Amino acid sequence: MLGIVAGWFCNFGQLHLIALLAVAVVALLSGLSAKAPRWLFGASAMAVMFLAGAFAENCQSNSKQLQWSGEKLPYSAKLIEVPAVRGTNVKVLASVALRDTVVHGARGNGTVYLYFQRSVESEALSVGDSLCFRAAIAPPHNSGNPAEFDIESHYYIKGITGTAFLAPDGWKLLPKGELSFEAMALSLRDKMISNYRSAGFENEELALLSALTLGEKRDFPQELKESYSAAGASHVLALSGLHLGIFYMLIMFFIPLRGRGKLQRLLREVAVVMLLWCFAFVAGLSPSVVRAAILFTLVSLGNCLGQEASSLNSLSFAAIVMLLFSPHLLFDISFQLSFAAVFSILLLVPPMQRLLRVEEHGAVYRYLVNLFLLSVAAQVGTLPFVWYYFGVFPLYFMLTNLFVVPLAFVVMLLAVIFWIASVLSFLQDPVAWLLGKALFAVNWCVEFVAGLPGASYNLPPLGLFGAVCLTVLLVLLLWTMLKRYFRTMAVVSGCAFLLALFYLFSGDEKVAGDYLLVYNNGKNPVVHAVCSDGSGYIASTIPQIDAEYEYVTAPYINREGLKQPRWAASGYADSSFVNFDGIIAFSGMELRLVDSDLWQENIYTHPADAVLLCRGFKGGVKELLEVYPTGCLLLDGSLYKHSRKRILRECAVLGIDAVDISASGAVMIVPGSDTFDLLFVKER
């Protein structure tokens with residue numbers, strides 16, 4: 001892991017790494033000699049692992065450095081994911097390559113997200129389909145809004161190199177070729193979801209069943225997903241060791257081979273491993289599923305050899321295998337949460353069980369205490385990651401796990417019976433009815449807990465430095481507690497307190513007073529007026545029912561702990577905020593939103609602190625500034641591409657400095673000053 005991190009941040013040369021790796025291997029072999037010093041083997045083994053991680057990261061980074069040319073060129077593509085309908089578009093992941101041409105210095109192939117205009121033809125696409133198209137592929141980029149999800153890093157980690165929008169007449173379906181192994185698995189998963197739908201499952205029950213048994217969460221309702229997060233039950237949705245462990249127990253129960261003979265034991269374990277990997281394959285081979293499958297494979301291997309495998313060693317082996325094949329997984333949130341939770345459970349639960357003498361009590365007590373210990377250990381291990389990525393801590397996670405985990409076991413049991421009963425139609429209906437009731441119970445419990453007062457607590461912002469410090473401090477504290485070095489605990493706690501004070505006082509200063517925030521939103525302008533007390537207003541040029549603005553405003557509001565802003569439609573006015581006829585007046589400042597050519601009818605000059613040109617703007621920049629003189633001209637992200645280019649050309653000729661929000665990111669305007677601040681460009 002340290003080698004991968006070093007390779008991520010440092011530009012090592014491959015030849016240097018190969019040479020150092022060869023030296024480390026020679027030292028490792030020398031360390032096996034009886035005459036060698038004892039430290040040589042350990043030091044050289046650490047060096048080999050470090051250099052192997054750096055080399056693997058270097059190889060993967062080099063393969064992703066080239067960018068697409070950005071020109072409109074002919075490509076061929078093969079769909080490697082089940083298409084998903086997103087509003088008016090169809091989105092699908094595809095393996096893309098240039099056709100009959102070569103562009104020097106630019107990427108010629110890679111994995112790309114294709115966006116089709118929604119139609120009968122695009123909705124009929126399926127995984128494994130081949131097509132040709134002509135389009136410009138653009139690299140992924142962030143919008144530059146505060147606290148937004150870092151889509152650039154996410155796509156880079158996933159190996160996705162670009163996106164392309166295909167016109168309805170810009171692509172053609174080719175004859176279907178042979179399906180790849182992965183495409184066959186995804187096609188099978190899609191067919192199983194169709195079987196669920198045919199059995200009468202729909203809406204929230206279908207979404208939960210698909211997530212629990214197949215790892216498919218694309219159609220999971222956003223509101224229900226937020227309820228699972230607030231209730232501390234998000235781990236139930238992420239197909240991982242919990243689900244594979246349940247599946248492992250079920251197939252061990254259903255397999256008839258019960259004898260203790262070596263042959264029967266071998267056949268049983270081989271059958272278990274094959275079924276486990278079949279389940280993992282259909283579930284998409286996500287990092288958490290692969291990790292769990294490797295762990296249970298090692299358990300089965302230990303059973304065949306009559307030995308008990310070390311859980312921590314098995315977990316480490318699973319991590320090494322996965323990271324050598326795909327080192328960027330280390331920076332993937334699902335990988336981090338999965339391994340952190342399992343590592344914390346394996347490290348903390350056994351000593352806590354011994355401390356509480358769990359095995360000396362009855363079955364009910366053991367169940368409740370073990371469930372409590374598992375939940376606490378998982379929350380402790382994932383705390384730095386949850387704090388850094390989400391900034392929310394569920395306060396009632398124990399109450400949720402007390403009911404949801406047993407219900408998840410029931411759902412998995414009924415799902416397995418449902419699969420078996422699919423060949424016996426007379427059994428399928430009653431099993432489907434019971435399964436539907438169990439799914440309803442899971443969702444009801446989660447929504448009930450999420451609806452309790454104070455179900456989740458918004459944590460203060462935690463940067464990367466703070467997350468690393470918190471992780472190191474947790475590891476040190478847990479190590480001293482487990483080793484019972486109580487004197488060391490006092491020293492570590494003191495250092496933790498001093499480091500926390502340092503981080504607290506060295507953090508970014510928040511903006512004091514009122515300010516306007518103009519988000520980068522490609523669909524419509526979004527202006528957020530923030531008051532000093534945390535309250536605020538949202539204004540746009542279109543009605544609230546048509547304005548999709550929550551996804552750009554919610555991350556910042558949650559991170560800063562602001563109050564939910566009030567929608568201020570045209571004509572709204574109170575003592576703090578006015579929105580009238582395209583004029584926003586707030587805290588002694590005036591912002592004009594121009595989205596038509598009606599401004600040309602004005603015969604008087606109306607100076608403005610800032611002018612925002614939005615989608616629908618018509619006319620010339622010179623004439624506009626004669627009517628609305630301003631020192632702050634902003635081009636909204638909703639402007640059409642050709643309009644933006646024309647306006648920027650005019651500004652260049654006139655010598656006017658205009659800010660293109662689609663390129664710069666969100667802009668903060670502070671009343672009382674003559675300038676505007678590109679405050680959030682650094683977050684891109």
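Which strand order does the open sheet of seven strands have? Start by selecting that sheet: its strands run β14-β15-β16-β17-β18-β19-β20, with mixed pairing. Strands and helices here are DSSP runs numbered from the N terminus (E, at least two residues, for strands; H or I, at least four, for helices), and two strands pair if DSSP finds at least two bridges between them.

Before going further, note that this is a predicted model, in which local features need pLDDT of at least 70 and side-chain atom pairs count only at pLDDT 80 or more, while totals for chains, interfaces and linings use all residues. Residues are numbered from 1 along each chain as its sequence is written, and side-chain values use heavy atoms, with hydrogens and water left out.

**Stop 1**

Next, pick β19 (residues 633-635), which pairs with β20 in the parallel sense over three bridges. To find one of these, select L635: its bridge partner in β20 is D660.

**Stop 1: a helix across the strands**

Now show α22 (residues 641-654). This helix lies across β18 (610-613), β19 and β20, and runs at about 155° to β19. Contact means heavy atoms within 4.5 Å; the angle is taken between N-to-C directions on a scale from 0 to 180 degrees, with axes fitted to C-alpha atoms, for helices over the stretch in contact.

The term covers a side-chain nitrogen of Lys or Arg within 4 Å of a carboxyl oxygen of Asp or Glu. An α-helix has 3.6 residues a turn, so residues three or four places apart point the same way. R646 is partly exposed at 25% relative accessible area, and E650 is partly exposed at 22%. For these labels, buried means under 20%, exposed over 50%, and partly exposed in between (1.4 Å probe, protein chains only).

**Stop 3**

The whole structure holds seven salt bridges. Among them, select R118 and E123, at 2.9 Å from N to O; R118 has a relative accessible area of 42% and E123 one of 45%. Then move to D574 and R566, whose side chains meet at 3.6 Å, N to O. Both count as partly exposed, D574 at 26% and R566 at 48%.

**Stop 2: helix α20**

Select α20 (residues 550-560) and highlight its buried residues: V552, T553, Y556, I557 and E560. Seen down the helix axis, they fall within an arc of 110°, so they line one face; the arc is that of the directions from the axis to the C-beta atoms. Their cover includes β10 (515-518), β11 (527-530), β12 (536-539) and β21 (667-669). Just after α20, look at G561, which has a positive phi of about 65°.

**Stop 3: S540**

Finish in the loop between β12 and α20, where S540 sits. Is S540 buried or exposed? S540 is buried, at 10% relative accessible area. Its side chain makes a 3.3 Å polar contact with that of N524 (a pair of N or O atoms within 3.5 Å; within protein, one must be able to donate a hydrogen and the other to accept it, and residues adjacent in sequence count only if both atoms are side-chain atoms). A polar atom of the S540 side chain also lies 2.6 Å from the backbone oxygen of P525. Beyond its neighbours within four places in sequence, S540 is in contact with N524, P525, W567, N579 and L593.
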